[in-house]
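Me: Please take a close look at one part of this model and describe how that part sits among its neighbours. Give the cut-offs for the terms you use.

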Amino acid sequence: MNIQLNADKNLTIHEPYEIQIKEQLTKDLDRYSNHVSRVEVHLSDENGSKAGLNDKKCLIEARLDGKPPIVASDLGNTYDLALKGATEKIKSALNTAVSKMQDK
């Protein structure tokens, strides 16, 4: 499972943070690693340089072999909270998709 991180111009992802994110996603999505070829994470700040509540956004796109991508997103006060929320949503969506694939 290949994990790719993308950020808007308001965020610079330094190597230690990138490693932390990739390790956490690998751990959280390990159950689906046989079905997911790539995971793209998009981090952005909805308000740019202005302050605001729940303005950090994380969008996760999981690519299943031979299926359309599954997308989940979440907002939070920090990138970590947004990532955690989006990860929970993508896990739920992947669980549903993989279950349907196994039922066929």
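Reply: I60 has A72 in β4 as its bridge partner. Strands (E, at least two residues) and helices (H or I, at least four) are DSSP runs numbered from the N terminus. This is a predicted model, in which local features need pLDDT of at least 70 and side-chain atom pairs count only at pLDDT 80 or more, while totals for chains, interfaces and linings use all residues. Residues are numbered from 1 along each chain as its sequence is written, and side-chain values use heavy atoms, with hydrogens and water left out.

β3 and β4 pair in the antiparallel sense over 7 bridges, where pairing requires that DSSP finds at least two bridges between two strands. Their hairpin has 5 residues between the strands, and G66 there takes a positive phi near 75°. β3 also pairs with β2, again antiparallel, over 9 bridges; V36 is opposite L64 of β3.

Leaving out residues up to four places away in sequence, I60 touches L25, V39, E40, V41, I70, V71, A72, L83, A86, T87 and I90. Contact means heavy atoms within 4.5 Å.

I60 is also among the residues that touch the most other members of the largest nonpolar core, which has 26 residues; V41, L43, C58, I90 and L94 are the others. Such a core is a set of buried Ala, Val, Leu, Ile, Met, Phe, Trp, Tyr and Cys residues joined through side-chain atoms within 4.5 Å, buried being under 20% relative accessible area with a 1.4 Å probe, protein chains only. α2 gives the largest share of this core, 8 residues. The buried residues of α2, including L83, A86, T87 and I90, pack against α1, β2, β3 and β4.

Note on methods. Buried means under 20% relative accessible area, exposed over 50%, partly exposed in between (1.4 Å probe, protein chains only).
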